[in-house]
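Have the sequence and the model open side by side.

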Amino acid sequence: MSWQAYVDSSLVGSGHLDKAAIISVAGDSVWATSTGFTVKPEEMKNLVAILTQSGNVVDKAHADGIHVAGERYVVTRIEDRSVYGRQVC
């Protein structure tokens with residue numbers, strides 16, 4: 001299964017997520033995304049910093065939220081390799 005098929009069927013297709021992206025661990029490339037969910041380079045770098053817990057980015061993410069594809073999200077959970085957020089209306 002390709003990463004794109006995984007995003008489409010296993011993540012978004014599960015009905016539990018509306019949008020998803022898989023990015024490289026270096027934060028320099030997008031491997032797969034939901035249709036129309038374009039993650040900017042600076043957003044990828046921020047997500048990687050959160051997952052590697054660089055500096056105070058985890059506290060900042062919980063306090064201020066994160067921006068992905070130009071949208072603001074409230075961080076609901078950070079796990080080993082995943083950041084979950086809920087879109088702010």
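Is Y6 buried, partly exposed or exposed? Y6 counts as partly exposed, because its relative accessibility is 32%. The cut-offs are under 20% relative accessible area for buried and over 50% for exposed, with partly exposed in between (1.4 Å probe, protein chains only).

The model is predicted: local features need pLDDT of at least 70, side-chain atom pairs count only at pLDDT 80 or more, and totals for chains, interfaces and linings use all residues. Residues are numbered from 1 along each chain as its sequence is written, and side-chain values use heavy atoms, with hydrogens and water left out.

**Aromatic rings**

- The whole structure holds 2 aromatic pairs. Rings of Phe, Tyr and Trp (its six-membered ring) pair if their centres lie within 6.5 Å; planes under 30 degrees apart count as stacked, over 60 as edge-to-face and the rest as tilted.
- W3 and Y6 form an edge-to-face pair, because their ring planes meet at 85 degrees, with the centres 6.2 Å apart.
- Both residues sit in helix α1 (residues 3-11), 3 residues apart, so about one helical turn separates W3 from Y6.
- W3 is partly exposed, because its relative accessibility is 45%.
- Ring pairs join W3, Y6 and W31 in a cluster.

**Strands and hairpins**

- Helices (H or I, at least four residues) and strands (E, at least two) are DSSP runs, numbered from the N terminus. Two strands pair if DSSP finds at least two bridges between them.
- Strand β3 (residues 66-68) runs antiparallel to strand β4 (residues 71-78), with 3 bridges. H67 has R72 of β4 as its bridge partner.
- β4 also pairs with strand β5 (residues 83-87), again antiparallel, over 5 bridges. Here R77 is bridged to Y84 in β5.
- The β3–β4 hairpin has 2 residues between its strands. The hairpin from β4 to β5 passes through 4 residues.

- A69 lies in the loop between β3 and β4.
- Its phi is near 55 degrees, a positive value in a residue other than glycine.
- Most residues other than glycine have a negative phi.
- A69 is partly exposed, because its relative accessibility is 22%.

**A charge over a ring**

- R77 also lies over the face of Y84, at 4.0 Å from the ring centre. A charge sits over a ring if NZ of Lys or CZ of Arg is within 6 Å of the ring centre and within 35 degrees of the ring normal.
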